[in-house]
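Please consult the sequence and the model shown here before reading on.

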Amino acid sequence: MNEHIVKQYNEWAKELHGEFANLNTFNNWESDLKRGLKGEEFILNCYPNKLTKSKDLRWDFDTYNGLKIETKCDFYPSQATNNLFIETISNNTKNSKGGPFISLENGVDYYLYMFNDSKEIYCFKTEELVNRVLELMPNLHLRTVRNKYYDTKGYTIPKDKLIDLNIDLEEIL
């Protein structure tokens, strides 16, 4: 990987790390959006000749071979958990779908899940991920993430329940 990209990533991770101390406060959508955009920028910089930023706001990237990719960047330390948080409801006051569920509705081909601190990236076919979450849901506990004006809902799913769906991102680009 390009040393410049790694250096830039490490600067972002260091800048963001201080925010972990505030996990007990409400999430801030604007702050989360800015951090997510930095994660997307990192991915785009890793694959500059294979991805473009989508002009359609329903997904993050288009590939040169016509695929649509959505990205979820998480900013809690990847070593702190063996789970992925898969969002199902983005905004409970609007009952709007979230995560791979809205991505599937929007025709997104692949759903990336990235831990910002470790650069750990999981790449899933969106439909396969949604089907797996639906299969696992009866045995999972619905979690709520409080935001200032609404709640986001989803499930923490052990990585080992999803790892067989993980695809090497390079293979689809």
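This is a predicted model: local features need pLDDT of at least 70, side-chain atom pairs count only at pLDDT 80 or more; totals for chains, interfaces and linings use all residues.

Residues are numbered from 1 along each chain as its sequence is written, and side-chain values use heavy atoms, with hydrogens and water left out.

**The sheet**

- An open sheet with mixed pairing is formed by 5 strands in the order β1-β2-β3-β6-β7.
- Strands (E, at least two residues) and helices (H or I, at least four residues) are DSSP runs numbered from the N terminus, and two strands pair if DSSP finds at least two bridges between them.
- β1 (51–53) and β7 (120–125) each have a single partner strand and stand at the edges, so one side of each is left without a neighbour in the sheet.
- On average, neighbouring strands of this sheet are turned by 30° against each other, direction ignored.
- β2 (residues 61–63) and β3 (residues 68–74) run antiparallel and are joined by 2 bridges; Phe-61 stands opposite Ile-69 in β3.

- β6 and β7 run antiparallel, with 6 bridges joining them.
- Phe-115 stands opposite Glu-120 in β7.
- This hairpin has 4 residues between the strands, and Lys-119 takes a positive phi near 65°.

**Helix α4**

- Helix α4 (residues 126–136) lies across β6 (110–115) and β7, and runs at about 90° to β7. Axes are lines fitted to C-alpha atoms, for helices over the stretch in contact, and angles run from 0 to 180 degrees between N-to-C directions.
- Thr-126, Leu-129, Val-130, Arg-132, Val-133 and Leu-136 of α4 are buried (under 20% relative accessible area; exposed is over 50% and partly exposed in between, with a 1.4 Å probe and protein chains only).
- Seen down the axis of α4, the buried residues fall within an arc of 165°, so they line one face of the helix; the arc is that of the directions from the helix axis to the C-beta atoms.
- Glu-127 and Glu-135, on the other side of α4, are exposed.
- The cover over the buried residues of α4 includes β4 (83–91), α3 (99–105), β6, β7 and β9 (151–158).

**Leu-104**

- Leu-104 lies in helix α3 and is partly exposed, with a relative accessible area of 34%.
- Leaving aside neighbours within four places in sequence, Leu-104 is in contact (heavy atoms within 4.5 Å) with Thr-126, Glu-127 and Val-130.
- Leu-104 and Glu-70 are 34 residues apart in sequence and 9.9 Å apart in space, C-alpha to C-alpha.
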